[in-house]
Amino acid sequence: MPQRKIGAVVAAGLAGLSLGLPAQAQKSKPKPTPGTLWASRFGGTIRVLYGAMPLPVANPSRMPYRDSRDNAICVAPESLAPLGIVATVEGSSVKLSCADRNLVMVGARQGPFERSGGVFVDVVEVLKSMGIASLSYDAESTTLTVRSILLAVGLQGDSLRVSAGLPISPKVTLEREGLRAIVDISGATLGELPRQLAQTSPKILGVRTQQLDENTARLIVDLAEPLALTWSEGKPTLNAVIAAPGTPTLSEGSLPPVAVAPKPTPTVGKPSLPAPMVLRGVAATAVGDDRLRFALEVNRLPAVRPTLQNETLTLDMGNIYLSESAKSAAAALAEVKHPLIKSAHLVPVGASAARLVVELASQVGFTIKHSKGGGLLLDLLTPRKTDGPLAGKTIVVDPGHGGSSSPGNRGDDGVFERSLTLPIGLMVAQNLEAMGANVVVTRDSDFDPGLEERAIIANRVNADIFVSVHLNDGRPNRTVRGIEVYFHRQEETSRDLARFIGAKVKEKVGEALPLRGARSDSVNAPEKGYAILRNSQMTGVLVELGYMSNGSDYAALKNPTVQQQAAEGIAEGIADYFAANPARFTKYVKPQPRREYGLPSLTVAPENQVPENSVK
Ligand SMILES: [Zn+2]
């Protein structure tokens with residue numbers, strides 16, 4: 001990738017992002033600089049802040065500057081140490097990594113002075129490639145502000161776990177006689193986190209999030225009793241744990257407490273049990289001779305990993321335990337007779353995982369659907385095609401939005417996007433199923449699995465393809481219309497997939513919807529792209545089938561015939577993608593997985609568990 005081009009794109013992206021900055025930022029004037037200045041490179045001095053704190057500069061010749069050739073903001077790599085970024089120069093490249101992750105390689109820049117004392121790097125390129133920070137640039141004060149993105153907040157037992165892109169130092173203060181902990185994280189933005197966590201625990205009654213000011217993210221934690229809180233950093237350093245004492249945490253090594261409750265708490269004697277997910281029941285129902293449905297009743301979406309090997313389908317569920325009722329239901333499962341299976345067993349694995357093992361009588365496909373309330377449906381079916389391009393592929397279909405927390409766009413007649421993406425998404429799933437694919441649906445009814453959870457589902461089941469279905473809105477412009485298929489940034493396989501899907505949907509719907517084509521998500525989200533495409537770690541697209549704001553498009557989108565045609569187009573477009581190049585039968589994995597999904601409890605429980613009228 002030509003680095004110059006990236007610099008140019010970045011400069012364009014930053015131009016629209018000027019935020020007001022503290023007045024002190026204005027005071028910084030370029031200082032006298034040593035040595036001969038290479039005027040052709042030097043476009044002025046830049047101030048780089050992490051939150052409100054300037055990044056350290058070893059000496060004037062190592063000051064951040066703007067490269068006048070491509071407008072890149074260049075910093076000395078050693079200045080990035082407070083961001084947890086370690087750099088090594090390798091010839092004409094610089095290798096940078098953050099806590100042993102997010103390894104990126106960028107071009108080394110020689111610096112603006114004759115004696116610059118070492119190379120520089122394009123800081124925007126580095127941080128954007130890592131996907132761990134939010135950036136804003138104020139042109140007037142020539143200041144670039146870097147903030148850590150909070151990637152996930154969740155409870156694990158009585159521990160509050162905060163996962164951030166850059167190192168953070170939470171400051172905890174207590175209010176209401178120790179019943180409320182205020183956790184301020186400076187230099188951080190909430191990103192896409194929900195305003196309220198659906199999770200609670202015996203000691204932590206609720207967690208709300210708030211962007212206190214542009215440099216501070218705040219978590220408001222309501223406690224059942226006054227407790228001492230400690231925080232510790234996880235390994236890598238991106239994972240802070242705030243825990244009440246006496247609770248087991250998964251962190252390695254604890255730091256001294258930063259805040260202590262005003263009163264000692266003699267009641268903290270018995271260690272509280274972690275609050276994992278509970279598998280309450282399981283049932284198998286024959287839906288004809290060619291389909292068998294397993295319904296798993298759970299309190300919220302567990303981590304699920306299906307493996308289909310030889311004649312055995314294994315469904316592993318993490319961080320979950322079997323209730324007594326589930327154990328007796330599991331016993332009944334052993335009695336189930338069906339032409340597709342030889343036997344089925346639900347067994348606990350250790351203390352906190354469960355496994356459904358199905359011995360198959362013949363070759364089958366499967367579909368997993370996520371239901372409201374955390375239900376999980378596993379359908380076994382005779383694949384109608386066992387040799388097609390989609391045979392054995394796992395495809396995650398995500399009907400966009402859902403529930404009151406994410407209605408999506410709204411048509412003039414009051415119908416929400418969520419109500420149209422659901423039937424279309426389920427039709428896509430049916431079509432894929434008929435072509436021999438294994439399909440996982442992020443939702444099968446009107447609820448919001450959570451933006452983050454949708455990508456997590458795709459990552460957990462190790463999907464080959466992720467496809468999210470949406471409808472657009474161009475208001476105030478009501479003339480804009482047509483099909484758009486978005487891929488993440490410059491990813492080639494996803495771009496290919498977007499082209500195949502766009503072409504096939506257009507072919508199917510005919511004149512009903514025009515085709516606007518395949519597009520990079522950087523068009524609409526220059527900074528990070530679409531979260532759902534960024535976070536799902538496989539080839540994937542987000543299909544905007546048409547504009548609800550345009551009369552002709554909207555009429556087509558509500559027409560069941562067009563919906564079915566569009567769904568066929570998406571499914572067949574995926575098949576075309578696989579058929580076009582046999583090399584791509586091998587799974588494509590995005591080069592830079594930016595998050596860890598290993599910890600199920602870091603995920604945010606479905607928003608549908610939040611009361612309707614709660615804080616949004
Ligand atoms: Zn949408």
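## The sheet of 11 strands

In this predicted model, 11 strands form an open sheet in the order β24-β20-β21-β28-β27-β30-β29-β31-β34-β32-β33, and the pairing is mixed. Strands here are DSSP runs of E with at least two residues, helices are DSSP runs of H or I with at least four residues, and both are numbered from the N terminus. Two strands count as paired if DSSP finds at least two bridges between them. Strands of a sheet pair through backbone hydrogen bonds, either parallel or antiparallel. The edges of the sheet are formed by β24 and β33 (515–520), each of which pairs on one side only. Neighbouring strands are turned by 20° against each other on average, with direction ignored.

T367 stands opposite V439 of β30.

## Helices lying across strands

Helix α7 (residues 492–509) lies across β31 (465–472), β32 (483–487), β33 and β34 (539–547), and runs at about 35° to β34. Helix α9 (residues 551–558) lies across β31 and β34, running at about 115° to β34. For these angles, axes are lines fitted to C-alpha atoms, for helices over the stretch in contact, and the values run from 0 to 180 degrees between N-to-C directions. Contact means heavy atoms within 4.5 Å.

In helix α4 (residues 324–333), the residues A326, A329, A330 and L333 are buried. They lie on the same side of α4 because they cover an arc of only 105° around the axis; the arc is that of the directions from the helix axis to the C-beta atoms. Buried means under 20% relative accessible area, exposed means over 50%, and partly exposed lies in between (1.4 Å probe, protein chains only). The cover of the buried residues of α4 includes β20 (277–286), β21 (291–298), β24 (320–322), β25 (341–349) and β26 (353–360).

## The zinc ion

The protein donors of the zinc ion are H401 (NE2), E417 (OE) and H470 (ND1), which lie 2.1 to 2.2 Å from the ion. Along the chain, the donors follow the spacing H-x15-E-x52-H. H401 belongs to the loop between β29 (394–399) and α5 (417–434), whereas E417 belongs to helix α5; the two are 16 residues apart, and the pair links distant parts of the chain. Donors are N, O and S atoms within 2.8 Å of the metal (3.2 Å for Na, K and Ca); water is not among the atoms, so sites may look incomplete.

Two bridges join β1 to β4, and D67 in β4 is the bridge partner of F42.

L55 lies in the loop between β3 (53–54) and β4 (65–67). This residue counts as buried because its relative accessibility is 9%. Apart from neighbours within four places in sequence, L55 is in contact with V48, L49, Y50, S79, L80, P82 and L83. L55 and L83 are 28 residues apart along the chain, and their C-alpha atoms are separated by 8.9 Å.

## Backbone features in loops

Most residues other than glycine have a negative phi, and most peptide bonds are trans. N71, in the loop between β4 and β5 (73–75), has a positive phi near 65°. N71 counts as partly exposed because its relative accessibility is 37%. T142 is found in the loop between β10 (133–138) and β11 (143–156), and its phi is near 40°, also a positive value. At 28% relative accessibility, T142 counts as partly exposed.

A cis peptide bond joins R475 and P476, with omega at about 5°. P476 is found in the loop between β31 and β32.

## The chain as a whole

The chain has 10 helices and 34 strands. Of its 616 residues, 56% count as buried. Among contacts with a separation of 6 or more, 69% are between residues 24 or more positions apart.

## Basis of the values

Residues are numbered from 1 along each chain as its sequence is written, and side-chain values use heavy atoms, with hydrogens and water left out. Local features need pLDDT of at least 70 and side-chain atom pairs count only at pLDDT 80 or more, while totals for chains, interfaces and linings use all residues.
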